[in-house]
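Colleague: Could you take a close look at the aromatic rings of this model and tell me how they are arranged?

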Amino acid sequence: MGSGTWRKAYGALKDSTKVGLANFNSEYKDLDIAIVKATNHVERPPKERYLRKILFATSANRPRSDVGYSICTLARRLSKTKNWIVALKTLIVIHRLLREGDGTFKEDFLNYSYRGTILQIPQFKDDSSPLAWDCSVWVRTYASYLDERVECFRILKYDVEADRLVKLPQASGKAHSRTRTLPCGDLLDQLPALQRLLLRLICCQPEGAACTNYLVQYALALVLKESFKIYCSINDGIINLVDMYFDMQKFDAIKALEIYKRAGYQAEKLSAFYEHCKRLELARTFQFPTLRQPPSSFLVTMEEYIREAPRVSIASKSLESEEHNVPSDNEDEAPPETEKPVEEEQQEPSEPEEEPQPTVEPVEETEPVPLATTGDLLNLDEEVNPLIADIEESNALALAIVAPGNENKASTSQDLFALDKSGWELALVTASSTHTSRPVENQLAGGFDKLLLDSLYEDEARRQQIAKGIRKTMKVTNLF
């Protein structure tokens with residue numbers, strides 16, 4: 001008796017023993033028998049009638065204890081076996097439950113995976129034969145893909161395979177996945193998770209004797225079916241990413257560029273993976289799409305935008321900070337400390353305080369002095385108030401400020417009236433004052449320069465024009 005025949009006989013004996021032990025379990029007897037027979041040592045896919053019993057036991061209308069017992073039994077079956085057939089058939093059952101099972105099963109399986117490493121079997125090895133050795137390598141890769149699939153479900157909050165395509169009104173009647181309409185934040189979180197899942201899928205390429213094994217090809221067919229949906233979701237997400245790329249800040253634009261580059265690299269690897277699968281027997285039931293790479297000129301334009309993005313982001317942040325600093329109408333009066341820098345700037349060109357020459361500021365401080373409110377509006381009929389006389393005298397001295405170069409002239413009101421024949425009003429306008437600052441036509445609130453803002457608006461208009469040109473010319477190939 002050969003070693004292969006002896007192993008088959010030993011496996012059949014173990015299966016019959018487990019079925020006999022399951023008959024003593026009165027509560028979960030049918031479920032235990034279905035799991036043992038679906039994952040036995042026979043080198044063929046699990047039978048549908050046993051899979052249906054397991055699917056029914058893990059449905060939403062069953063008690064959660066039944067679902068937990070099913071998960072624990074499958075996890076124990078996978079962790080204790082040393083046979084690649086039993087391990088692979090157990091993974092196939094788990095994969096079918098994730099694909100066809102109730103939505104609550106995915107959540108229960110995810111919660112259970114937090115407490116134990118169900119699908120992490122890096123040490124699994126069956127070295128009984130060269131076929132078993134090659135198949136053991138593929139079993140470990142297949143388990144890693146299923147583990148990443150559960151992790152992707154945790155991040156996306158939905159199953160990519162079960163996601164329904166939606167027709168968008170702006171897209172020519174073609175159905176797209178939900179990544180086509182995601183906002184920027186969710187898109188930058190979900191696309192990396194989908195790309196990690198696609199990377200695990202590409203690694204499921206069988207090698208050696210595993211390429212011709214029928215059981216391996218059965219499991220590989222399940223993986224190929226999901227590759228179409230995964231790549232379609234990534235493709236729609238990349239189109240959505242390019243549409244909003246030129247409106248992103250620098251940090252988001254850097255992440256988006258890395259996602260875009262990784263998508264092109266994975267498209268090449270996926271094309272090579274499809275070419276390898278076309279030579280297998282299972283290729284007769286699949287229609288593989290043709291994947292094309294976007295032009296490299298788009299990468300140059302996207303990299304140029306990142307180099308210009310810091311200035312745009314800094315300007316926008318400064319504008320936002322200025323908007324936050326503007327006091328609202330409902331707020332209390334600003335503290336006097338905020339007005340001190342303005343007063344200091346106004347007092348810089350003025351004369352030193354030791355000199356007796358008056359300045360313009362005292363005029364503003366004496367304006368609130370209460371005046372008589374009786375009589376006519378101009379108070380012409382009343383006597384002159386002594387306070388008003390003092391104010392007029394100080395105003396006359398303040399108006400006696402003359403232009404630089406005329407310091408030797410007497411600072412009196414008579415000199416002011418003698419400046420020009422056209423009158424003292426024109427003299428006030430034409431005479432230069434030491435208190436006037438340089439022109440501020442090009443300055444805005446907050447110290448912004450009008451020329452700087454105009455250049456920012458021109459740069460933004462130019463970027464939008466470039467983005468529109470790219471969106472018109474770029475045609476990313478869809479699978480469907």
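Modeller: What follows is a description of the aromatic pairs and their surroundings. This is a predicted model, in which local features need pLDDT of at least 70 and side-chain atom pairs count only at pLDDT 80 or more, while totals for chains, interfaces and linings use all residues. Residues are numbered from 1 along each chain as its sequence is written, and side-chain values use heavy atoms, with hydrogens and water left out.

Rings of Phe, Tyr and Trp (its six-membered ring) are taken as a pair if their centres lie within 6.5 Å, and planes under 30 degrees apart count as stacked, over 60 as edge-to-face and the rest as tilted. By this rule there are eleven aromatic pairs. One of them, between Tyr28 and Tyr69, is stacked, at 4.1 Å centre to centre with 15° between the planes. This pair links distant parts of the chain, 41 residues apart, since Tyr28 lies in the loop between helix H1 (3-22) and helix H2 (29-38), whereas Tyr69 belongs to helix H4 (residues 64-80); helices here are DSSP runs (H or I, at least four residues), numbered from the N terminus. Tyr28 is buried at 13% relative accessibility, and Tyr69 is partly exposed at 22%, where buried means under 20% relative accessible area, exposed over 50% and partly exposed in between (1.4 Å probe, protein chains only).

The rings of Tyr245 and Phe246 form an edge-to-face pair, because their planes stand at 90°, with the centres 5.2 Å apart. Tyr245 is buried, with a relative accessible area of 1%, and Phe246 is also buried, at 5%. Elsewhere, Phe228, Phe273, Tyr274, Phe286 and Phe288 form one aromatic cluster.

Definitions and conventions
Helices (H or I, at least four residues) and strands (E, at least two) are DSSP runs, numbered from the N terminus.
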